[in-house]
Amino acid sequence: MKYNTVIIGGGLAGLTAGATLSKFGKKVLLLEQHHKPGGCATTFKRGDFIIEVGLHEMSGVVGKGAIPQIFKMLDVDQEVELLKVPEFYAAYSDRGKFVFPHGFDAATKALIDRYPEDEKGIKRFMKVLAGIRKEGVSLPSSPLKQKLIYPLMPLLYPNLVEANKHTVGSWLDKYISNEDAKIDLVAHLVYWGDDPYTLSMFYYGLPFSGFIESGGHFIKGGSQQLSDHLAAYIEKHGGTVLLGKKAEKIITENGKATGVTFRDYFNKDMDPVTISCDNVVANCAIPVVPTLLDEPYASTLKENIGDKTNSCSLLCMYLGFSKDLEEFGVEHYSSVIEGEDVKSLKDVKPNHQGDWSKRRFIFVDYAKVDSQLAPPDKSEGVICTVDYIEDWENLNEADYKAKKEEVAQILLQRLDKQFPGIKDSIEYYEVSTSKTIQRYTSNPTGSVYGYAQIKGQTGNKRFRNNFLIPNLYFASAWAFPGGGFEGSITGGFLAALQMNKDKIW
């Protein structure tokens with residue numbers, strides 16, 4: 001059997017690309033190694049609790065923005081309910097609590113009330129963030145067209161130009177004087193990266209502006225609802241989704257991809273299967289793709305990606321509670337517990353690599369929205385913080401389990417210190433590390449954001465479609481435009497649009 005497109009990987013970018021191509025009437029085969037679609041956009045069951053793997057809050061659900069339009073086109077808006085979280089976040093530190101509200105006016109007022117000496121810089125910060133998203137919508141997607149209008153960029157897209165010149169750290173150091181204000185503004189840094197002095201101001205500002213403008217959103221019932229819907233949409237429109245199937249080879253003939261060979265992931269004794277196709281979408285991590293290719297493509301791709309830096313990973317501690325967490329003083333959906341050794345912006349990256357007893361983390365209380373992850377009389381939450389594969393990869397199984405438990409107890413003690421008594425209400429906990437992410441998603445080093453969203457690896461410098469083989473397309477957190485739910489969904493959609501435009505059928 002021949003398909004128009006074979007998609008390697010069932011993450012959000014692959015699912016969105018597959019659903020969009022199916023909408024266009026193309027015959028799609030999607031291969032996913034796991035027993036469920038979604039990649040990091042999945043859930044699993046533990047007792048009374050539906051455990052959300054990756055979604056804490058999603059950006060980009062903005063008015064007539066790309067995400068709402070994509071969701072409408074693919075009937076997501078009819079089947080999946082998005083819940084707006086109450087506020088952006090609350091940051092707890094020895095300086096007290098700062099609550100970052102939704103809305104540009106409310107957020108500007110909250111920041112100026114707390115840091116009046118930085119009023120001018122705060123207003124500029126909001127102006128740049130709002131401009132990044134507005135100007136980004138009107139910026140031509142074609143690199144060639146961008147090159148043609150390059151001389152006019154400072155006039156047409158002043159905020160984009162400013163953001164692309166800076167890292168988060170360099171921008172904040174230039175325009176904000178109070179170190180406490182800077183720390184409050186990067187409280188959610190883990191959702192984009194680990195170091196304000198390498199993270200692109202553009203890649204930080206784009207989702208940040210979406211969160212401020214229209215709020216963060218959680219998918220009712222968990223992100224698996226979205227993944228399942230997109231997989232079902234593909235099949236409803238004549239495509240096929242095969243789970244537990246791992247791609248082994250991209251077949252190339254006469255300079256084009258002509259098929260994919262895959263094998264059953266859970267039964268290695270089964271014979272491999274080769275499927276012919278008009279084109280291929282690599283939703284898998286780009287560093288994995290050379291292992292699927294013959295020469296000279298494998299070496300060419302390795303050379304292209306050789307100098308790229310992988311993003312950090314995440315440690316998530318999933319928690320099930322027997323009570324409503326308001327009883328313990330949990331007032332907000334997203335609470336950032338600052339590290340006591342973070343006194344300036346320059347302390348943020350060392351803190352992420354430091355002692356677990358001081359490392360900054362985010363605690364999310366899913367009961368602050370109608371998440372339906374736990375029974376009505378119980379609550380579910382997650383602790384999320386920066387993680388690195390180097391901390392885990394060389395441990396044997398016994399030492400790995402022991403270290404996870406050690407880290408879990410440290411984090412629980414810190415959570416209980418902030419919200420006294422909460423620890424005694426825990427019915428369930430489980431720790432996912434960078435090693436867990438690497439095992440289940442095949443993302444090297446457990447890099448949840450693909451290539452690090454740092455200055456010099458952003459925008460058109462991220463890998464766009466068919467740069468290697470004319471009919472091999474890339475759609476994942478590792479490709480254009482970048483990671484996160486918003487980036488991956490947008491990337492999958494743009495890949496499908498490009499394929500349809502190229503008419504490679």
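**Helix crossing, strands and loops: a quick tour**

Some ground rules. This is a predicted model, in which local features need pLDDT of at least 70 and side-chain atom pairs count only at pLDDT 80 or more, while totals for chains, interfaces and linings use all residues. Residues are numbered from 1 along each chain as its sequence is written, and side-chain values use heavy atoms, with hydrogens and water left out. Helices (H or I, at least four residues) and strands (E, at least two) are DSSP runs, numbered from the N terminus.

Back to the helices. α2 covers residues 66-73 and α17 covers residues 484-502; their axes come within 10 Å and cross at roughly 55°. That makes α2 oblique to α17. On this scale, under 35 degrees is roughly parallel, over 145 roughly antiparallel, 65 to 115 roughly perpendicular, and the rest oblique. The axes are lines fitted to C-alpha atoms, for helices over the stretch in contact, and angles run from 0 to 180 degrees between N-to-C directions.

Who makes the contact (heavy atoms within 4.5 Å)? From α2 come Ile67, Ile70, Phe71 and Met73; from α17 come Glu486, Ile489, Thr490 and Phe493. By class, that is six nonpolar, one polar and one charged residues. For the classes, Ala, Val, Leu, Ile, Met, Phe, Trp, Tyr, Cys and Pro are nonpolar; Asp, Glu, Lys and Arg are charged; the others, Gly among them, are polar.

Next, strand β12, residues 273-282. Seven of its ten residues are buried, so β12 is largely enclosed by the rest of the structure. Buried is under 20% relative accessible area, exposed is over 50%, and partly exposed is in between, with a 1.4 Å probe and protein chains only.

What pairs with β12? Strands pair here if DSSP finds at least two bridges between them. Strand β1, residues 2-8, runs parallel to β12 over six bridges. Strand β11, residues 256-264, is antiparallel to β12, with four bridges. There, Thr261 has Thr274 as its bridge partner.

Now an open sheet. Seven strands build it, in the order β7-β6-β14-β15-β16-β13-β17, with mixed pairing. At its edges sit β7 (96-100) and β17 (426-432), each pairing on one side only. On average, neighbouring strands are turned by 20° against each other, direction ignored. Helix α16, residues 434-441, packs on this sheet. It touches β13 (313-321), β16 (379-387) and β17, and its direction makes about 95° with that of β13.

Strand β6, residues 89-93, is antiparallel to β7 and joined to it by five bridges. Tyr92 has Lys97 of β7 as its bridge partner.

On to backbone geometry. Most residues other than glycine have a negative phi, and most peptide bonds are trans. Here are some exceptions. Glu295 to Pro296 is a cis bond, with omega near 10°. Pro296 lies in the loop between β12 and α13 (297-305). Phe480 and Pro481 are also joined by a cis peptide bond, with omega about 0°. That proline, Pro481, is in the loop between β18 and α17.

Which phi values are positive? Ser442 has phi near 65°, and Thr445 has phi of about 60°. Ser442 sits in the loop between α16 and β18. Thr445 is in the loop between α16 and β18 as well. Ser442 is partly exposed, with a relative accessible area of 26%. Thr445 also counts as partly exposed, at 26%.

Last stop, Ser177. Is Ser177 buried or exposed? At 51% relative accessibility, Ser177 counts as exposed. Find it in the loop between α9 (168-175) and α10 (179-185). Leaving out residues up to four places away in sequence, Ser177 touches Glu117, Asp118 and Lys182. From Ser177 to Gln418 there are 241 residues in sequence and 29 Å in space, C-alpha to C-alpha.

That's the tour.

Technical notes
Contact means heavy atoms within 4.5 Å.
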